[in-house]
Amino acid sequence: MNLETYYEYCLSKKGVTEHFPFDQDTLVFKVGGKMFALSSLIQWEKGEPSVNLKCNPDDAQELRAQYNDIQPAYHMSKIHWNTVAINLDVPDIFIKKLIDDSYNLVFKSLTKKIQSEILECNFE
């Protein structure tokens, strides 16, 4: 997976916005104002890309046991977030599923009003 594929995949989801809330390096994707994916652009440039994704706590442990390149998230809640190394032992199609799962977890945590606005494409 390259940066463009990752970027376009995240932005293709309803109501997603991109931000740099921490610094000029960390690209953050949000839905309804809440983060669901973040990644260092410098790491992509170095050829060592990874992405932090929200995860169900039960699934997080299982994924870490199954894949060497899924680890507790760097600088985030180790219970709810994983860091997934890109282009190593986790297939791209599965990374897209993990992005979907992260998006859906965050979307479901939003208020019904915000969910409706996103689904109606009125969210800015």
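The model is predicted, so local features need pLDDT of at least 70 and side-chain atom pairs pLDDT 80 or more, while totals for chains, interfaces and linings use all residues. Residues are numbered from 1 along each chain as its sequence is written, and side-chain values use heavy atoms, without hydrogens and water.

Select helix α1 (residues 3-11) and helix α4 (residues 92-109), whose axes come within 11 Å and cross at roughly 35 degrees. Axes are lines fitted to C-alpha atoms over the stretch in contact, with angles from 0 to 180 degrees between N-to-C directions. Helices are DSSP runs of H or I with at least four residues, and strands are runs of E with at least two. Now show Thr5, Tyr6, Tyr9 and Cys10 of α1 with Lys96, Ile99 and Asp100 of α4, which make the contact (heavy atoms within 4.5 Å).

Next, select Thr26, Leu38, Ser40, Asn52 and Tyr74, which lie nearest the centre of the largest pocket among its 15 lining residues. A pocket is an open set of points on a 1 Å grid where a 1.4 Å probe fits, with protein on both sides within 12 Å along at least five of seven lines; lining residues have an atom within 4 Å of a point. The volume of the largest pocket, about 320 Å³, is the space filled by probe spheres set on the points.

Finally, select Cys55, Asp59, Leu63, Leu98 and Asp101, the closest to the centre of the second largest pocket of the 16 residues lining it. This pocket holds about 200 Å³ of space. Colour α4 here: it gives the largest share of the lining, five residues.
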